[in-house]
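Here are a few exercises to work through with the model open beside you. Try each task before reading its solution.

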Amino acid sequence: MIAQLVVDGLLTGAVIALGAIGVTLGLAILRFANFGYAEFATVGGYGALAAVLAYGGTGAPLGPFTFGGFMAVALAAGLAAAGLMALIGDWAVFRPLRRRGAGPLVLIFASFGLALVARNLVLLAFGPQPEYYSREIQIAVLLGGVRVMPDQVLVLAVAGLALAALVWLLRRTRIGLAMRAVAENPALAQACAIDPEAAIRATWLVTGALGALAGTLYGLTVQLRPEMGANLLLPLFTAAVLGGVGSVPGAVIGGLLVGVAENLSVLVLPTSYKAIIPFLIMLACFLLRPKGLFGR
Amino acid sequence: MTKRLLIALVGALPLLAFGGEARAQAACPHKLGAVIPLTGPQGPIGKPIADTAQLAIEHVNAAGGVKGCPIELVLRDDTGQPTLGVDAARYLVDVQKTPAIVGVVGSGIALAIVSSVTTAAKVPMVSCCAVTPTLTKMAEDGKTEGYFFRTIPTSRVFAVAHAVATTDRGYKNPAVIYVNNDFGSTLLRDLEKAIAALGGKIAGAVPYNENQPSYRTEVNQALALKGDALILIAFSQDGATIGREWISLGGTQNLVLHNTLRSQDFINAVGARFLGKAAGIDNAQVAGPSVDAFNAAFKAKFNRDPVGPGLHTVYDSAAVTALAMQQARALDGTAIRDALRLVQDAAGEVVMPGAEGLKKGLDAIKAGRKVRYVGATGPFGFDKNGDVSGPALVWKIDDGKLATDKVIDLEQMAALFRRIGY
């Protein structure tokens, strides 16, 4: 039972980790808590769904998975949708506010507003009922007493690949360097001929894509609902805070810890109280170690 | 400016004073309230229930309406939440001044409305689908003052049907997943008693909260109980989510499903190939000419058979209320409450569903003759608590289609109630 809970926790944790990386990068580079962040997951997930609906399914199921090869195209559509939303949001809302010297609190409220707009647009377009990319039911395989579904293993692998790609982007490319420089010190970065606006746009794109990936993977293993982003928001921020703001490895470990803790909580708490675990972790983190596990 | 305001005020005063009365007299159409979930987790079953209530009103209006006026069904969506249900009922009673409320699907919602709106406002509620025995208890304690009626038997009938469906199939040790609310926990208690009386024992029960995206943890807990079957007491969308996860995590396909899952949507969501051994329960539709009359009228209107929870009962809740509105001295709640029992006079002329049947009934009442409404659910009569008793059925799924497996008729049901000791 415990092994099952831990494995389930790691699998949900992988999705939380992807989103938490986006949150932590946003906090470090954009310098405000983007409470609309989780809507990238919703928009990305539903963007992929729109592609699946337009194509009429995901194609014949591949091997042990529930979906066909078209899912890769759908994922690209989801990433594009969230990327577009990120750029439009920055261009229409956040850049004008930055130019006017708006404080972090104004930006936070603006992000709340944007989140409501995005969520309700999704609700309007797709309706309130849960959606799936594929209605196929997958039978779990027993691996050493633990039930695992092939889709979930794939999700874990994709999350790992995305993480590797992100580390490469941040460490090995010019734009990654620019993003890290702006996170350290925007004024100094500008003095070194780095365009902060370009770095900010890149951050929006990267974090939007991470959110969309998290949303699509969540839709693949759980289900899509218009309020899924809103429900993910607290676990995402908890993971980012727990890991330490600005730390990518911290966000990954934070995400996995939150996922496992949430799942293990059912050993001592009724299942219905599972949702308060991220909140308790966040509270404990603020009280005991405000800078997080890996914060500086 | 002040003068003009004064003139406007003086002009408006008579309206304020007499507006209400004038409206009450010229109130054509007469209003009848309905609270039904159209969206939310109960939406998929609520929508056809609302359409069927509307069909009953169409029949009443085609039959000439009530007291010289057509009836307008004022329908409000409760989204499955008691708070919104109470708001909806308050709006109907306070703003729309409806003299009665029909529909009301969720037990929790019916409880909230009865305890805080309808009884206090002296407006009768004729629920189509609220099955909780808590309302029977409230009626016995005098807390409903006779303003609560229902056309569906209480959930004890469901508990008996679940127990029969389970033990008939030789399952001795079923696990239960049930919705964590008043309805679910009451049904679970009745179910434990019923299964014990019929020679089984529940392996354990796991509650679930509505409207969650995933129930993996609950399903894992239920799997750990190692039951030889699963009794699933869940609402439609949640039930589909739980059913999918149960099957995909390797749970037994020996399923006994609640009546809210008796829909093609559920079969499509889970997949017919996993449901070959599944059984389910529901209220039975008594056979007979009155039932055929409803079925034919439903098919003529919607071009499909009336299969699904609450369709027959909501027709009866709207039709019997309309007859009572005609029978009542005046269109006020108390008169309608008393009239609801008069239109079920055992010695009266039999009145059946459909525009023609209802026309016969309305005309008979106008002529001062006694009537007895025999409805889409067959002959039924409100007992002193406003409850009805009824038969149940066990269904199964043949080649992806819903089919009736066996019917537990009224007499068998009464015998089982005695054996279980309710």
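**Exercise 1. A helix and its cover**

How many residues does helix 3 of chain B have, and how far does it reach from its first C-alpha to its last?

*Ground rules.* This is a predicted model, where local features need pLDDT of at least 70, side-chain atom pairs count only at pLDDT 80 or more, and totals for chains, interfaces and linings use all residues. Residues are numbered from 1 along each chain as its sequence is written, chains are lettered from A and ligands numbered from 1 in the order in which they are written, and side-chain values use heavy atoms, leaving out hydrogens and water.

*Step 1.* Find the helix: helices (H or I, at least four residues) and strands (E, at least two) are DSSP runs, numbered from the N terminus. Helix 3 of chain B covers residues 82-95, so count on 14 residues. Its reach is 19 Å, close to the 20 Å expected at 1.5 Å a residue (the expected span being 1.5 Å times one less than the number of residues).

*Step 2.* Sort by accessibility: buried means under 20% relative accessible area, exposed over 50%, and partly exposed in between, with a 1.4 Å probe and protein chains only. The buried residues of this helix include G85(B), V86(B), A88(B), A89(B), L92(B) and V93(B). They fall within an arc of 160° seen down the helix axis, so they line one face of helix 3 of chain B (the arc is that of the directions from the axis to the C-beta atoms). T83(B) and V95(B), on the other side, are exposed.

*Step 3.* Check what follows: after helix 3 of chain B comes K97(B), with a positive phi near 55°.

**Exercise 2. Sulfur bookkeeping**

*Step 1.* Search the whole structure, taking a disulfide as a pair of cysteine sulfur atoms within 2.5 Å. You get two disulfides over all chains.

*Step 2.* Take C28(B) and C69(B), joined at an S to S distance of 1.8 Å. Their link is left-handed, with -115° about the S-S bond. C28(B) lies in the loop between helix 1 (2-25) and strand 1 of chain B, and C69(B) in the loop between helix 2 (43-62) and strand 2 of chain B, so the pair ties together parts that are 41 residues apart in sequence. C28(B) is partly exposed at 46%, while C69(B) is buried at 8%.

*Step 3.* Now C128(B) and C129(B), whose sulfur atoms are 2.2 Å apart. The torsion about their S-S bond is about -95°, so this disulfide is left-handed. C128(B) is buried at 0% relative accessibility, and C129(B) is buried at 11%.

**Exercise 3. A strand with two partners**

Which strands does strand 10 of chain B pair with, and in which directions do they run?

*Step 1.* Strands pair if DSSP finds at least two bridges between them. Strand 9 (residues 255-257) of chain B runs parallel to strand 10, joined by two bridges, and L257(B) stands opposite G280(B).

*Step 2.* Follow the chain from strand 9 through helix 10 (residues 264-270) to strand 10 of chain B: this β-α-β crossover is right-handed (clockwise from the first strand over the helix to the second, with the strands pointing away from the viewer).

*Step 3.* Strand 14 (residues 392-398) of chain B runs antiparallel to strand 10, with five bridges; here I281(B) stands opposite V394(B).

*Step 4.* Five of the five residues of strand 10 (residues 279-283) of chain B are buried.
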